[in-house]
Amino acid sequence: RSWALVVLLVGMPLYIIIALNVIVRVDRLPIWAEVPVYILLGTAWILPFKRIFTGIGQADPDQNDQN
């Protein structure tokens with residue numbers, strides 16, 4: 001869970017900066033081509049970190065049930 005926090009607090013702002021620089025450099029795209037680029041850049045950041053975020057919403061397996 002701590003790696004997911006690091007990715008969100010450090011990796012996400014870095015990725016936003018990189019993605020915005022890509023959009024600025026590719027300024028000559030027609031409007032119909034910009035939408036797929038935004039969708040691609042908006043979802044591409046999670047692909048390398050998919051395994052880190054997989055178990056975030058689940059209960060901790062190391063925690064004993066006290067019920």
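Predicted model: local features only at pLDDT ≥ 70, side-chain atom pairs only at ≥ 80, totals over all residues.

The chain comes to 3 helices and 0 strands, so to speak a plain α-α-α run from the N terminus on.

- Mean pLDDT for the chain is 77, with 82% of the residues reaching 70 or more.
- Among the elements, helix H2 (residues 31-44) gets the highest mean pLDDT, at 84.

**How H1 and H2 pack**
- Two packed helices are described by the angle between their axes and the distance between the axes.
- For helix H1 (residues 2-25) and H2, the angle is about 160 degrees and the axes lie 11 Å apart.
- Since angles over 145 degrees count as roughly antiparallel, that makes H1 roughly antiparallel to H2.
- The crossing, as H1 passes H2, is right-handed.
- On the H1 side, Tyr 15, Ala 19, Val 22 and Ile 23 make the contact.
- Their partners on H2 are Val 37, Tyr 38, Leu 41 and Ala 44.
- What classes of residue make up this contact of H1 with H2? There are 8 nonpolar residues, no polar ones and no charged ones.

**What is tucked away**
- Of the 67 residues in the chain, buried ones make up 10%.

**Two spots to look at**
- Ile 46 has its place in the loop between H2 and H3.
- Is Ile 46 buried, partly exposed or exposed? With buried meaning under 20% and exposed over 50%, Ile 46 counts as partly exposed because its relative accessibility is 29%.
- Ile 46 and Val 7 are 39 residues apart along the chain, and their C-alpha atoms are separated by 9.7 Å.
- Gly 11, meanwhile, belongs to helix H1.
- Its relative accessibility is 27%, so Gly 11 counts as partly exposed.
- Which distance separates Gly 11 and Trp 45 in space, C-alpha to C-alpha? They are 9.0 Å apart, while in sequence they are 34 residues apart.

Note on methods. Residues numbered from 1 in each chain as written. Heavy atoms only, no water. pLDDT = per-residue confidence, 0-100. Helix = DSSP H or I, 4+ residues; strand = E, 2+ residues; numbered from the N terminus. Axes fitted to C-alpha atoms, helices over the stretch in contact; angles between N-to-C directions. Parallel < 35°, antiparallel > 145°, perpendicular 65-115°, else oblique. Left-handed = near helix turned anticlockwise from the far one by under 90°. Contact = heavy atoms within 4.5 Å. Nonpolar A, V, L, I, M, F, W, Y, C, P; charged D, E, K, R; others polar. Buried < 20%, exposed > 50% of the residue type's maximum accessible area, 1.4 Å probe, protein only.
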